[in-house]
Structure formats: structure tokens, C-alpha cells
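Q: Can you walk me through this model? I'd like the main features in short answers.

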Amino acid sequence: LKLGGNLSSWNQTIIKSCDGWAYFGDTSVKIKNGTLNFKGSRNVVEAINYLKKINFIQNRDEVMLVGIANGGLAALAWADYIKAQTNGKVRVLTDATIWENDLNDKTKDNYFEKRLQTMAKLFISSGNFPNAKCQAAHPDAIEKCFYASELVKYVDPSIQILFLQSYYDGWAMAEILGLDCT
């Protein structure tokens, strides 16, 4: 990652998503020809443990979590955990994280919520969602915490959050609402 301008002097840690679902999973799912492993939560915890071990995160003046789409949702979900690991101010910058929860124009069902329910069963089967307050508020419907509009209610109010939505709008129109914008 190459940063220029005002950001060029910032220290960076990049945690790549290996399972495609917002760093939430810590489970394995058997399928016909093998096993799918969702270990995003474990990867974040181990990355933070390493940053603590090398004294990288504890005494920062500021920690900024940045993510797009499911990475932005992860930044929100992990913000309280990260805040507990540092003495610095924690901020979140998230783009494309506000999902529409509406009927799909083509399928006439709540297509996206069904997807989130399925993902919750796959990824959160171990019961460990990064934001414990949101999970406690929705013990039988953890997929509610996959909506930034709900999750943000449970993020520590001292954490500054900036929402952008530029990247997401075109995808949402076609995939969630089923609208053809061409």
C-alpha cells in the first residue's frame, strides 16, 4: 500500500480478509468436497496480539480503522475491541457499509436479509461477534448486527465514525433492490 500526501508518514497495519465476511468467523463448515474455513475473528485477534507484543498499538496517539463494504462493517464491529487495546483515540472511516433492507424488485422478497441470516449461521456459529453489546441485544437474530445502522448504536460513543457511501450505491441498486439502472 502506498500512501502520499498527509498520510505518507502514518504507520499502517493491513489485515487482509481471508474468508470474505468482515472478519467475523471462527468456524469450519463441511461441504460436499471438503471444508470451508471462516477464521476472520481469529485473524484479527492474532494480528492485534502481535501488534501488542511488538508495542505497536498500545501507546498510539490515534488509531484509524478503515474499510469498504464488509471491511467497513468489520471496522465498526471491531472498534470497541481495538479501543480496549490502545491508549489513543480511535476513529472509524467506513465506505459502502449501509445496506438496504428492502424488498427486491425482481424477486419480491427480502433477498438481502435472507443472505445475512444464512451468513450468520455459517460465520457466527461459535457465538463470538466482535461487538458483544450488539450480540447481547440480538441473541436470536445476530444478523441485525450486520446492518451498520443497527451496529453503530452499540459502538462506544467516544469513537468518532465517518460514513461514506460512494462505493456501494450502484451495487445496492442492482443486487439488493433488483433495479436495472442501465
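**Salt bridges and the rest**

Q: Start with D26: what is its relative accessible area?
A: D26 has a relative accessible area of 24%, so it is partly exposed. Buried means under 20%, exposed over 50%, and partly exposed in between, with a 1.4 Å probe and protein chains only.

Q: What should I know about the source and numbering?
A: This is a predicted model: local features need pLDDT of at least 70, side-chain atom pairs count only at pLDDT 80 or more, and totals for chains, interfaces and linings use all residues. Residues are numbered from 1 along each chain as its sequence is written, and side-chain values use heavy atoms, with hydrogens and water left out.

Q: Which side chain does D26 meet in a salt bridge?
A: That of K39, at 3.8 Å, N to O. A salt bridge here is a side-chain nitrogen of Lys or Arg within 4 Å of a carboxyl oxygen of Asp or Glu.

Q: Which residues are linked with D26 in a network?
A: K39 and R42, through salt bridges.

Q: How many salt bridges does the structure hold?
A: Seven. Another one joins the side chains of E62 and R91, at 2.5 Å, N to O. That pair links strand β3, where E62 lies, with strand β4, where R91 lies, 29 residues apart.

Q: How accessible are E62 and R91?
A: E62 is partly exposed at 33% relative accessible area. R91 is partly exposed too, at 27%.

Q: What about K144 and E113: how far apart in sequence are they?
A: Their side chains meet in a salt bridge of 3.5 Å, N to O. K144 lies in the loop between α4 and α5, and E113 in helix α3 (residues 111-123), so the pair ties together parts 31 residues apart in sequence.

Q: Is E113 buried or exposed?
A: Buried, at 13% relative accessibility. K144 counts as partly exposed, at 30%.

Q: Switching to α2. What is its span?
A: Helix α2 (residues 70-83) has 14 residues and reaches 20 Å from first C-alpha to last. That is close to the 20 Å expected at 1.5 Å a residue. The expected span is 1.5 Å times one less than the number of residues.

Q: Where is its kink centred?
A: On A77, with a kink of about 40°. The bend at a residue is the angle between axes fitted to the seven residues ending there and the seven starting there.

Q: Why call α2 largely enclosed?
A: Because twelve of its 14 residues are buried. Among them are L73, L76, W78 and I82.

Q: What covers those buried residues?
A: The cover includes α1 (40-53), β3 (62-68), β4 (89-95), α4 (132-137), α5 (148-151) and β5 (160-164).

Q: And the whole chain: how many helices and strands?
A: Six helices and five strands. From the N terminus on, the order is β-β-α-β-α-β-α-α-α-β-α.

Q: What share of the residues is buried?
A: Of the 182 residues, 40% count as buried.

How values were computed: Helix = DSSP H or I, 4+ residues; strand = E, 2+ residues; numbered from the N terminus. Contact = heavy atoms within 4.5 Å.
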